[in-house]
Amino acid sequence: MKLILLSGGSGKRLWPLSNESRSKQFLKVLRNQNLQMESMMQRVWSQLKSADLTGSVYVATSKSQSEIIQSQLDSSIRLIVEPERRDTFPAIALACTYLHSVVKTDANETVCILPVDPYVENQFFSVLKELETMQALSDCEILLIGVKPDHPSEKYGYIVPDEGSSKGPCMRVNRFIEKPGKHRAQMLMEENALWNCGIFAFKLGYMVSLLQHRGIPVQYEKLRSAYSTLPKTSFDYEIVEKTSKLAVYPYNGSWKDLGSWETLTEELDTSVLGKGTLSESCRNTHVINELDIPIKVIGLSNIVVAASPDGILVADKSASTKIKELMDDDDQRLMYEERRWGWYRVLDYAHDLGGNERLTKKIIVHAGKNPSYQIHYKRKEVWMILSGEGLFALNNRLNRVSAGDVLQIPAGAGHSIKATTNLEMIEVQLGSELVEEDTIRLFMTWDQIEEYCLGRG
């Protein structure tokens, strides 16, 4: 069996901690068994490891999330990167063509599609290991996992099974109901309807045949080139709801989508993360603060206060899902990003009447890591090393640097740095256009950079 983890999201539902490159699955707000903070994705990866499933895993994601995945999990993680963000049908189609034409996976092998951030207990992953057998027993084209609801939720879609058609532990699917009102949800529970948790299993050959029938390329590189022509729609709508032979396995265990501040804070083991204080009169109130300034909350209950370099949110928990509506027209520059080599935080951004821009960042490069060897033509940079030691590459030359050093990087100069110990520095960018498109990456690994520099280019 091959497991495809879908890692997407626009980063709006848990703003301001989440953004386009740091969606909800990357927020380190949960505590693991060793009392260390971890993200939802790290939690799922740990559970997959315990179930001995990581050898079968590929992660389908966008370019903007590929580095943070490598940073949080493993630099060797197998990624299938979308050329642009669309929806779950294009992402799954691309992943299947990768398995078919690059990995050369057998057409009869089962593919399981799994969201990257379900909040579940370990036994859930034992069920995943049985999906291949269960699909064969159920004689279906697509097998879903449905969760037995413990309350009438309006946040989830429902799967209504045909209870007279059981084959082993699975049942045929009668119909789907999308996010009903509370009264309708209660009636669905009485019909033994299940929450749709977005997990699908099918034979790879089935999906490849569907794509061929629709005239969609089944060679990975060809589909990447034609990716923008695929319908921007969900896998549920495009495939699942149009499939006649559907079965569902009822999972009778704990499952949650921590997709809102209300549901996420229910799983936090403390009321305050970061600098903050709640008065004794506060009830069911949480502060999650990534800033270096304290937050004080007095006499307010059932609210969440979240603060990051991207902004500050104060919301009634029951209304916190409306943040996505307020973010629809927001095009603010990202103020925090986690990369494969460390992270950066924007401290200041300004531009003058002459059209020049200035951007100041605090950057942490982890020991043994390095950003790419790159060139910018529309800006120069100044780096000031605050702490740590490293090797600085500039125009084919290597120099040792340490705390107190100030490094000048002219426009058009190739440059990078490798941290020999954890390295903290301030970067100031000065130029006419401070955009990602002005970054030309020549080498990614330090071995490549060192070979290039020692050979003097």
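**Reading the model**

Guide: Start with a sheet: four strands make an open one, in the order E14-E16-E18-E19, with mixed pairing. At its edges are strand E14 (272–273) and strand E19 (311–316), each pairing on one side only. This is a predicted model: local features need pLDDT of at least 70, side-chain atom pairs count only at pLDDT 80 or more, and totals for chains, interfaces and linings use all residues. Residues are numbered from 1 along each chain as its sequence is written, and side-chain values use heavy atoms, with hydrogens and water left out.

Visitor: What counts as a strand, and when do two strands pair?

Guide: Helices (H or I, at least four residues) and strands (E, at least two) are DSSP runs, numbered from the N terminus. Two strands pair if DSSP finds at least two bridges between them. Strands of a sheet pair through backbone hydrogen bonds, either parallel or antiparallel. Here, strand E18 (residues 303–308) runs antiparallel to E19, with six bridges joining them. Ala306 stands opposite Leu313 in E19.

Visitor: How many residues form the hairpin between E20 and E21?

Guide: Two residues join E20 to E21 in that hairpin. The strands pair in the antiparallel sense over four bridges. Glu337 stands opposite Tyr344 in E21.

Visitor: Are the faces of E20 buried or exposed?

Guide: First, the scale: buried means under 20% relative accessible area, exposed over 50%, and partly exposed in between (1.4 Å probe, protein chains only). Both faces of E20 (residues 336–339) are covered. Tyr336 and Glu338 are buried on one side, Glu337 and Arg339 on the other.

Visitor: Which residues touch the most other members of the largest nonpolar core?

Guide: In soluble globular proteins, nonpolar side chains tend to be buried together. A nonpolar core is a set of buried Ala, Val, Leu, Ile, Met, Phe, Trp, Tyr and Cys residues joined through side-chain atoms within 4.5 Å. The largest has 47 residues; Leu48, Phe124, Phe125, Leu128, Leu131 and Ile145 touch the most other members. A second, separate core of 39 residues includes Ala93, Ile142, Leu204 and Tyr206.

Visitor: What does Cys282 touch?

Guide: Contact means heavy atoms within 4.5 Å. Leaving out residues up to four places away in sequence, Cys282 touches Val297, Ile298, Gly299, Leu300 and Ser301. Cys282 lies in the loop between strand E15 (276–278) and strand E16 (286–289). Cys282 counts as buried because its relative accessibility is 11%.

Visitor: How many salt bridges does the structure hold?

Guide: A salt bridge is a side-chain nitrogen of Lys or Arg within 4 Å of a carboxyl oxygen of Asp or Glu. The structure holds 22. One of them joins Lys378 and Glu433, at 2.8 Å from N to O. Lys378 lies in the loop between strand E23 (373–375) and strand E24 (379–387), and Glu433 in the loop between strand E29 (423–431) and E30, so the pair ties together parts that are 55 residues apart in sequence.

Visitor: Are Arg379 and Glu381 buried or exposed?

Guide: Arg379 is buried, with a relative accessible area of 8%. Glu381 is buried too, at 2% relative accessibility. Their side chains meet in a salt bridge of 2.9 Å, N to O. By contrast, Lys378 is partly exposed at 40%, and Glu433 is partly exposed at 32%.

Visitor: Which residues are linked in a network of salt bridges?

Guide: Arg13, Lys24, Asp117 and Asp257 are linked in that way.
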